[in-house]
Number of protein chains: 2
Amino acid sequence: MGLTKAEIFTDKQNKLAQMMKALAHPARIAIIQHLIKSQACVCGDLVDELGLAQATISQHLKELKTAGLIQGTIEGTSVCYCIDPKVWKQYKAAFEAFFVTFENGSSCC
Amino acid sequence: MGLTKAEIFTDKQNKLAQMMKALAHPARIAIIQHLIKSQACVCGDLVDELGLAQATISQHLKELKTAGLIQGTIEGTSVCYCIDPKVWKQYKAAFEAFFVTFENGSSCC
DNA sequence: CATATCAATCGCAATATTACGATAAACTAA
DNA sequence: TTAGTTTATCGTAATATTGCGATTGATATG
């Protein structure tokens, strides 16, 4: 079916899965890392950095924007992207909260 | 195309994206959480807990097993699943390492 | 042995994702 | 205005994911 049955899961489960999904592609990881590395705002040189077509990059940027992880401000003809620190912290906290639920456990089988 | 161009990204980027993907579905999140909650190993009652068909649960379990996050040992007619603490720690470390790359930053645009 | 139970796998249908060329929209500069 | 630059969007093709019914294989139990 390809259609996730979101209604049978909790809001938290759906949201966490959505967060994971936003980062579940190497291109989006690479975009985030590039935005972080180049301290200042980075515009369209992502196309040169990664080996993907402009349309593809734009699509990934859109997904990251929809996820809230990045912001884009128009600057002349180009657009300036950067991480949204607030959302970043939320992601970080959500991931930490998830991973902390299983600590120092030993496998039982 | 639907085919990720893995060869243009680094190993780390591909691996991290793969990890995210393994958890990028509410059913898999729910499975993990259920395994954690019920301290002891839980076998086939996942089908009763979540509202998904047996075949679907089995498929998600397989993906989690492929990701290394869970182990399954046969116990009579049923199978006993639990988290692999070693891999869990690796995931935790990888996610932390990723999120720590952007700290106390302020949005620049 | 026959039957019941549990989990994995197969096969299929519906939908989602990834990628890209082509085009459009917005702005700059000449 | 015209041409050039940059990014978004559209349309399309290839592939992946999700979900489930049906079947299979393995192991109990009568």
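A: Start with helix 2 of chain B: 10 of its 12 residues are buried, so it is largely enclosed by the rest of the structure. Buried here means under 20% relative accessible area, exposed over 50%, and partly exposed in between (1.4 Å probe, protein chains only). Helices (H or I, at least four residues) and strands (E, at least two) are DSSP runs, numbered from the N terminus.

This is a predicted model: local features need pLDDT of at least 70, side-chain atom pairs count only at pLDDT 80 or more, and totals for chains, interfaces and linings use all residues. Residues are numbered from 1 along each chain as written, chains are lettered from A and ligands numbered from 1 in written order, and side-chain values use heavy atoms, without hydrogens or water.

Back to the helix. The buried residues of helix 2 of chain B are B:Pro26, B:Ala27, B:Arg28, B:Ile29, B:Ala30, B:Ile31, B:Ile32, B:His34, B:Leu35 and B:Ile36. From first C-alpha to last, helix 2 of chain B reaches 16 Å, close to the 16 Å expected at 1.5 Å a residue. That expected span is 1.5 Å times one less than the number of residues.

Now the partner chain. In chain B, 47 residues are in contact (heavy atoms within 4.5 Å) with 47 residues of chain A. The two chains bury about 4,200 Å² between them, 78% of it on carbon and sulfur atoms. Buried area is the accessible area (1.4 Å probe) lost on putting two parts together, summed over both.

Across this interface the rule finds 9 residue pairs in polar contact, both residues at pLDDT 80 or more. Helix 2 (26-37) of chain B supplies at least two residues of the side that touches chain A. So do helix 1 (11-22), strand 1 (70-75), strand 2 (78-83) and helix 5 (85-99) of chain B. By class, that side of chain B has 30 nonpolar, 13 polar and 4 charged residues.

Next, the charged pairs. The rule finds 2 salt bridges across the interface. A salt bridge is a side-chain nitrogen of Lys or Arg within 4 Å of a carboxyl oxygen of Asp or Glu.

B:Glu103 pairs with A:Lys92 in a salt bridge, with the closest N and O atoms 2.6 Å apart. A:Glu103 forms a salt bridge with B:Lys92, with the closest N and O atoms 2.6 Å apart. A:Glu103 lies in the segment after helix 5 of chain A and B:Lys92 in helix 5 of chain B, so this pair joins two chains. A:Glu103 is partly exposed at 35% relative accessibility, while B:Lys92 is buried at 18%.

A:Lys92 also forms a salt bridge with A:Glu96, the closest N and O atoms being 4.0 Å apart. Both lie in helix 5 (residues 85-99) of chain A, 4 residues apart, about one turn of the helix. An α-helix has 3.6 residues a turn, so residues three or four places apart point the same way. A:Lys92 is buried, with a relative accessible area of 18%; A:Glu96 is partly exposed at 37%. Together, A:Lys92, A:Glu96 and B:Glu103 are linked in a network of salt bridges.

Over all chains, the structure holds 7 salt bridges. One of them joins A:Asp11 and A:Lys15 (4.0 Å, N to O). These two are 4 residues apart in helix 1 (residues 11-22) of chain A, so about one helical turn separates them. A:Asp11 is exposed at 56% relative accessible area, and A:Lys15 is exposed at 53%.

Definitions and conventions: Polar contact = N/O pair within 3.5 Å; in protein donor to acceptor, adjacent residues only side chain to side chain. Nonpolar A, V, L, I, M, F, W, Y, C, P; charged D, E, K, R; others polar.
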